[in-house]
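Please walk me through this model in the viewer. Tell me what to select at each stop and what is there.

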Protein chains: 2
Amino acid sequence: MSQAIQPILDTLLDGRTKGFPQDRPPLALGAVGSQGWNLLAGDLDFPAAILRRSVLDRNAAWMREFLGRTGASICPHGKTTMAPQLFHRQLEDGAWGITLATPHQARVAYDHGVKRILLANQLAGAGPIRWIQETLDADPAFELFCLVDSLEGVGRLAALAKGRRPIPVLLELGIPGGRTGVRSLAEGLQVARAAHASDRLVLAGVECFEGIIGTRDPAADAEAVRTWLDALGDLARACAAEDLFGPGEVLLSAGGSAYFDLVVASLGQVRLDRPVRVLLRSGCYLSHDAGHYKRLVAELEGRLPEAWRAPGHLAPALEVWAQVVSRPEPTLAFLNLGKRDVAHDLGLPEPAWWYRKGPEPALVPAPPGWKLTTLYDQHAKLELPASDALEPGDLVGCAVSHPCTTFDKWQVLYEVDDQYGVVGAVRTFF
Amino acid sequence: MSQAIQPILDTLLDGRTKGFPQDRPPLALGAVGSQGWNLLAGDLDFPAAILRRSVLDRNAAWMREFLGRTGASICPHGKTTMAPQLFHRQLEDGAWGITLATPHQARVAYDHGVKRILLANQLAGAGPIRWIQETLDADPAFELFCLVDSLEGVGRLAALAKGRRPIPVLLELGIPGGRTGVRSLAEGLQVARAAHASDRLVLAGVECFEGIIGTRDPAADAEAVRTWLDALGDLARACAAEDLFGPGEVLLSAGGSAYFDLVVASLGQVRLDRPVRVLLRSGCYLSHDAGHYKRLVAELEGRLPEAWRAPGHLAPALEVWAQVVSRPEPTLAFLNLGKRDVAHDLGLPEPAWWYRKGPEPALVPAPPGWKLTTLYDQHAKLELPASDALEPGDLVGCAVSHPCTTFDKWQVLYEVDDQYGVVGAVRTFF
């Protein structure tokens with residue numbers, strides 16, 4: 001384990017930290033896992049966000065196997081979890097670096113010992129650019145790559161970057177009506193030439209984010225993603241033909257958490273006159289989810305050629321647990337879980353577990369008739385059959401859709417074993 | 001200013017805090033306001049969340065005037081901001097106490113010197129109840145009220161409350177199909193009798209949360225709210241007739257941020273054989289917003305009788321500022337602002353200000369043709385006329401809808417003067 005996360009382990013938690021047991025004395029985060037706590041025994045307060053360690057382990061193994069079979073590298077998107085402890089876990093698993101979305105996020109990662117960062121965004125702020133440049137100059141082991149998508153952006157970055165080491169940039173390819181990125185090969189070549197011409201920048205590769213594509217037609221989506229990725233390969237070939245890339249290997253990067261198979265299939269075909277590295281950036285594979293990405297990864301698994309099919313499946317490691325506070329009508333119960341606690345942008349959480357208190361406590365799967373239908377700021381409305389004996393004090397474990405907007409609602413999540421014993425705590429920095 | 005917030009003022013901020021200028025050395029939060037920083041000069045990083053101090057002042061004055069004219073008290077909902085500095089500002093403004101939604105939030109408030117808390121929720125967790133009981137016993141100046149809405153809830157709370165001081169409870173009245181709360185006067189009386197009969201509890205009043213009512217028909221909504229509030233008054237009279245309330249004044253509490261005029265109109269009519277206090281709980285009046293609550297408060301102002309009409313109007317004090325990172329098409333720009341930074345549950349943010357860089361920097365209202373149409377995790381898509389010269393590096397100030405789900409995306413917000421000079425910093429605890 002990296003020494004750089006020791007300050008996280010030393011962080012004192014107390015009842016002011018959401019989920020930490022309110023009636024316990026303050027405790028160092030690193031000591032949480034050795035207290036013998038169990039979520040089902042009521043040793044945490046509710047709501048509480050948990051990560052199932054065995055599922056994290058299996059998801060990590062699945063991705064290692066996928067990468068081994070395909071020859072791609074991964075620079076997982078850290079914005080999903082913003083948890084340096086998980087970043088180091090991913091680096092120990094073989095990740096090439098960590099992707100981040102903003103200078104603030106990059107700063108959090110660097111301050112916790114992450115030395116290779118892909119900042120998958122354009123940079124506009126003078127202060128952050130100054131910090132990056134000063135840090136690159138001060139720390140020879142630090143590498144940071146960012147994106148460019150316009151002549152003006154290249155000019156602005158080059159003008160603000162005044163240090164000794166040039167800043168490596170990836171040229172971003174977008175799609176008409178999409179998000180950031182140049183809209184054509186011709187435009188891309190112009191930007192690449194400008195980056196090449198600047199002595200403050202060095203063109204290190206090309207990049208796109210295909211994850212913005214998503215309709216109700218998976219086949220059409222996959223086709224649109226393939227077209228985009230093939231165009232990215234063409235852009236890389238055109239840049240190489242003009243010798244615009246800097247020294248060393250060329251990075252070909254794409255890949256959210258939905259189409260990384262297509263990224264390997266397309267970018268893995270690109271041959272240049274120098275080494276290339278296909279760099280995936282999936283942020284959600286580790287925690288996975290039980291909604292949005294579960295559906296998209298089921299499509300992905302269906303597309304995989306036999307040779308790339310790792311044993312097992314990605315599974316949701318992230319759950320949010322809440323307590324029933326009221327059962328005001330036979331078919332209605334309310335949980336102490338709200339918009340402040342769980343993602344609600346790509347589907348509401350779904351009840352997955354029911355822990356019944358009483359003389360014979362029992363953990364059972366949530367009955368199929370249960371449905372979480374409304375999320376208020378601090379309450380969830382659960383509709384259920386009148387015959388189900390759910391009552392105040394009972395616990396409900398919810399599966400979530402969209403890890404990114406669940407992690408960001410917690411400063412501390414708990415790692416648990418398969419019996420919901422608390423084996424660790426993970427701190428986030430949002 | 002309360003000494004209890006000194007630890008907040010002493011908090012060291014650095015570039016790992018979102019919005020704090022990344023290239024500056026660490027600084028105590030309490031010193032932020034004396035640095036001479038200005039948002040428009042680029043002294044903060046983007047995105048950054050700000051509170052306009054003059055607007056906070058005017059909103060506070062408006063509410064003081066409204067309370068003075070109506071005779072109601074306020075126990076503002078602290079869950080909106082979770083900022084103890086703002087809690088103390090509200091207490092200094094005359095607030096009766098602070099409302100919170102969860103034991104965790106109550107703990108944050110208490111640890112920062114808030115001595116009277118209305119926990120507007122049912123309590124289910126043994127640990128939190130233990131902490132409350134122990135704290136009530138240890139600190140004679142501490143008062144905490146919570147809600148009950150079932151015989152079972154009364155039984156559970158009474159069984160877990162083992163301290164010397166009984167816990168004061170408010171009986172919650174709900175509506176069929178609504179949220180928590182008893183569904184009828186008869187059911188309410190049963191619960192009130194049980195609370196009265198317990199030596200661990202004392203019935204301190206009645207309560208409802210009418211803010212869950214909201215359709216597209218304001219007149220019908222107002223009528224439904226009036227009916228609910230009148231029923232709450234009937235419930236209070238019925239409890240008083242059976243002498244179920246504890247000693248001292250009876251609390252009659254309701255009032256989110258949309259219908260507090262109706263609360264005063266209805267509950268202000270209730271006469272019992274002892275003193276009553278009409279207790280509003282609006283959480284959003286102080287920051288207000290430019291979307292959801294702006295519309296609801298415009299309806300509210302239209303209903304106000306002349307005698308209750310305070311001068312001026314509530315106005316949005318909360319803004320989130322972002323920087324343009326890309327203009328990939330003539331009619332598209334992208335801001336470094338995402339779901340992680342601003343509310344998106346009751347309408348997307350709206351561009352309000354444009355700060356153009358260049359040789360003659362200028363702050364102008366955002367042109368009417370600008371529209372923020374998609375919020376990604378870390379980007380916002382801004383559609384605009386091709387002729388508008390917005391470019392990377394420019395700043396866009398956004399008005400927000402729903403303060404609750406904006407505050408919770410920031411650990412630190414900045415207070416600014418009317419020229420966007422930074423005059424302070426406010427820490428949140430989510």
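Start with both chains of this predicted model. Chain B and chain A bury about 5800 Å² between them, with 48% of that area on carbon and sulfur atoms. Select B:Arg16, B:Gln22 and B:Arg340: these residues supply 13% of the area that chain B buries against chain A, more than any other three residues. The contact draws 67 residues from chain B and 67 residues from chain A.

Next, show the polar links. Twelve salt bridges run between chain B and chain A. One to pick out joins the side chains of A:Arg183 and B:Glu329, at 2.7 Å from N to O. Between the two chains, 40 residue pairs are in polar contact.

Now colour the side of chain B that touches chain A. Elements that give two or more residues there include helix 4 (103–111), helix 5 (126–138) and strand 12 (318–329) of chain B. By type, the residues of this side divide into 19 nonpolar, 25 polar and 23 charged.

Go to B:Thr17, in the loop between strand 1 (12–13) and strand 2 (27–28) of chain B. B:Thr17 is buried, at 15% relative accessible area. Leaving out residues up to four places away in sequence, B:Thr17 touches A:His104 and B:Val412.

Finish at helix 9 (residues 260–267) of chain A. Seven of its eight residues are buried, so helix 9 is largely enclosed by the rest of the structure. Among the buried residues are A:Phe260, A:Leu262 and A:Leu267. Partners for the buried residues of helix 9 include helix 2 (53–70) and strand 11 (276–280) of chain A.

Methods:
Residues are numbered from 1 along each chain as its sequence is written. Chains are lettered from A and ligands numbered from 1 in the order in which they are written. This is a predicted model: local features need pLDDT of at least 70, side-chain atom pairs count only at pLDDT 80 or more; totals for chains, interfaces and linings use all residues. Side-chain values use heavy atoms; hydrogens and water are left out. Helices (H or I, at least four residues) and strands (E, at least two) are DSSP runs, numbered from the N terminus. Buried means under 20% relative accessible area, exposed over 50%, partly exposed in between (1.4 Å probe, protein chains only). Contact means heavy atoms within 4.5 Å. Buried area is the accessible area (1.4 Å probe) that two parts lose on being put together, summed over both. A salt bridge is a side-chain nitrogen of Lys or Arg within 4 Å of a carboxyl oxygen of Asp or Glu. A polar contact is a pair of N or O atoms within 3.5 Å; within protein, one must be able to donate a hydrogen and the other to accept it, and residues adjacent in sequence count only if both atoms are side-chain atoms. Ala, Val, Leu, Ile, Met, Phe, Trp, Tyr, Cys and Pro count as nonpolar, Asp, Glu, Lys and Arg as charged, and the others, Gly among them, as polar.
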